[in-house]
Amino acid sequence: MKKFVCTALAVCMALSLAACGGSGSGSSAAGGSSAATGSSAAASTGEGGSIKVGLLANTSDANANYGNAVKNGAMLYINEVNAAGGVNGKQIEVVAYDDKGEATEAVTAFNRLLDDGVTAVIGSVLTGTTIAVADESYAVGMPQITASATAPGVTLLDPEDESSGIRENVFRACFIDPFQGEKMAEYAFEKMGVKTAAVIFETGNDYSEGLKNAFVEKCQELGVTVTNEEAYSTGDVDFKAQMTNIAKSAPDVVFSPNYYEDDGKIVTQARQAGYEGTFLGGDGWSGVGPYASAEDLEGTVYCSAYAGDETFESAYEAAYGEKVPNMFAPLGYDAAKLMLAALGAAEDQGLEAGSDEYKAAVIDALKATDGVEGVTGSYKFDEFNNPIKSAAMMQLQNGEEVFTEMF
Amino acid sequence: MAFLSTLFSQAINGLQSGSIYALVALGYSMVYGIIMLLNFAHGDIIMVGAYVVWMATANFGLHPVVSILLAVAVSTLLGVTIEKVAYAPLRSSPRLSLLITAIGISFLLENGFQLIFGAGAKVVPEFLSGPSLRLGGATVSFSAMVTLAVTVAIMIGLTLLVQKTRLGKAMRAVSEDMGAAQLMGINLNTTISFTFALGSALAAVASVLYLSSYAQASPTMGSMLGLKAFVAAVLGGIGSLPGAMLGGLVIGLAEALVSAVGLSVWKDGVVFAILIVVLLVRPSGLLGKPIKEKV
């Protein structure tokens, strides 16, 4: 009997493992072969011909909710344009590959896009894959725009050195990490009259450290005293010791450039430690609502790329049958919009799609972007190919994330 | 004065997390004392307990007391089942096989829960709330008071159980010499099952206390907690119940003080450095009996 139970258990385990393996390979096979053309209307034999655009996103890995949102957002805009007659009478033909969130896969996918003869690339989604692709696209002068890779090193050749030069062909639709830190410091100083601030950040996390460094530097510049710089490591759940230190200095605000799960715990424990001031954060706070009580969160301010846009949200819901999952979808939509606007400029010059002159014209047009109205704001690029746009300030009121103003 | 009140607050912080480590460490120590097994799945029992509380309160809206009882019941049952299914058949195998099985069970639970509930954290609504206490310049939160009180009560209860009851005597006898205990008419299976049940019930209590201060359940929450509790058990002397208690509190205090002086990044490092130092200098731990090798 005992033997039987053991054998049965072993078989169950083996089966469950096999099932895991099966679904894994199944999905990756599906991902690999997803050279889906974007729109059924992408008939390259049509009257005006077509323009081939590559789309790279991680649609089958652990962070697939980011990749799928970007892909859906971008496809939403491209399908809208195609339905309205395309760019300069030409349909946009999308060649989409799954890069599985891995740098090597992303480079392979990019090379396949080159073989497919694309004129521009939208992607990738994560910072690591985007930088890997940017190295390749820079070498061949391929116009590239990422919706969501926030690290400075995506456009800067040496992320540590602003004078190292940039990849002229690479653009992005989102903020860079330090931007949010600077914005929040300025907001605290100008709008809230803050004189003292503390920070708590996750060591070893580029996002968290990037925001924190920018915030602290800006505070020093503005004359805001930073009372505490507390750190924690990935996976920590207990922040009471740090919060006790902060509560003792009682700064006007605490800047917590972390993700919502941690932010929730940080706020709760700060209140337990007796801290009563306001929390500030970056876009990682989006969705924090359920992770701490409304009372503890009240008044928290964070900046976000996306403040909500009803037209976009209803169009997205109609197309995909689900609500806009996160800000990656609107950013994907805007990335596509920026790229297609630049394609239009190259078309106007009467160049042949796919040629080097055409690509150079697209890059110039992206660089010259001024006032393209996306769902996340009005676009213009700075000298480092990063967007200059205002951030949406969100405030927690009675547990709801409420848009207050553009700053 | 300000310094003293900060020191006091940090000590309370340390004692609160230390109490949770201590409760988990008790489970490690008891099981090791009986069958010489480092039950690495013990941390994941806490995780299961936390998910039960989450299911009961957030999904079914049950009363907190009911959900706590449910968590204790499910964890106890799970602990005993794991022992019967995975460990009992290997009782006469080399200890390494048991250890590997324990690690396997731990992975099975973590990944199983990740598969069913997803990798994200689940928020457990606040279920222990009350006024916090102000002592001079320091605040002691309600959850800290409850945690300390419950831990002290459990410690007293457990000591009485082990010292005064028949089952407690049986546990001590089995841990002293399994073969001789069996010859004296002690039912080995019952005693071992009882030990697992007791350890798992303590783990469930720990999970409730954990949720009262951190409020989030995630599939991997038990792994680091379990490892630190293991360090606590070794520090106190594995197999010794007062030792597990002491070890847990020391680890909690050490963590809080390291964070308080601004070295929070080194928190985990300090805990595992303690493990290394203990193993090098005093492998039997603070309150453990020196090991006599049988020749």
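# A guided tour of chains A and B

Begin by selecting residues 50–399 of chain A: the end C-alpha atoms of this span lie 48 Å apart, and 43% of the span is helix and 19% strand. Helices (H or I, at least four residues) and strands (E, at least two) are DSSP runs, numbered from the N terminus. UniProt, in an unreviewed entry, gives residues 50–399 of chain A the feature "domain: Leucine-binding protein"; UniProt positions follow the numbering used here, feature names are shortened, and annotations may be inferred rather than shown by experiment.

The model is predicted: local features need pLDDT of at least 70 and side-chain atom pairs count only at pLDDT 80 or more, while totals for chains, interfaces and linings use all residues. Residues are numbered from 1 along each chain as its sequence is written, and chains are lettered from A and ligands numbered from 1 in the order in which they are written.

**The domains of chain A**

Next, colour domain 1 (50–175 + 309–380) and domain 2 (178–304) of chain A separately; such bounds come from an automatic or database domain assignment. The C-alpha centres of domain 1 and domain 2 of chain A are 32 Å apart. Five residues from domain 1 of chain A and eight residues from domain 2 of chain A make the contact, where two residues are in contact if their C-beta atoms, placed from the backbone, lie within 7 Å. On the side of domain 1 of chain A that touches domain 2, four residues are nonpolar, one is polar and none is charged. Here Ala, Val, Leu, Ile, Met, Phe, Trp, Tyr, Cys and Pro count as nonpolar, Asp, Glu, Lys and Arg as charged, and the others, Gly among them, as polar.

**The parallel sheet**

Display the five strands of chain A that form an open sheet with parallel pairing, in the order β2-β1-β3-β4-β5; two strands pair if DSSP finds at least two bridges between them. β2 (91–98) and β5 (170–172) of chain A stand at the edges with a single partner strand each, so one side of each has no neighbour in the sheet. Neighbouring strands of this sheet are turned by 25° against each other on average, direction ignored.

Within the sheet, β1 (residues 50–57) and β3 (residues 120–122) of chain A are joined by three bridges in the parallel sense, and Gly54(A) has Val121(A) as its bridge partner in β3(A). Axes are lines fitted to C-alpha atoms, for helices over the stretch in contact, and angles run from 0 to 180 degrees between N-to-C directions.

**The antiparallel strands**

Move to β13 (residues 392–397) of chain A, which pairs with β10 (residues 301–304) of chain A in the antiparallel sense over four bridges. Tyr302(A) has Met394(A) as its bridge partner in β13(A). β13(A) is also joined by six bridges to the antiparallel strand β14 (residues 400–406) of chain A, with Ala392(A) opposite Met406(A). β13(A) and β14(A) form a hairpin with two residues between them, and Asn398(A) in the turn has a positive phi of about 50°.

**Where the chains meet**

Finally, show both chains: 27 residues of chain A are in contact with 23 residues of chain B. On the chain A side, α1 (2–32), β7 (225–232), α7 (240–249) and α8 (260–272) each supply at least two residues, and α7(A) gives the most, with six residues.
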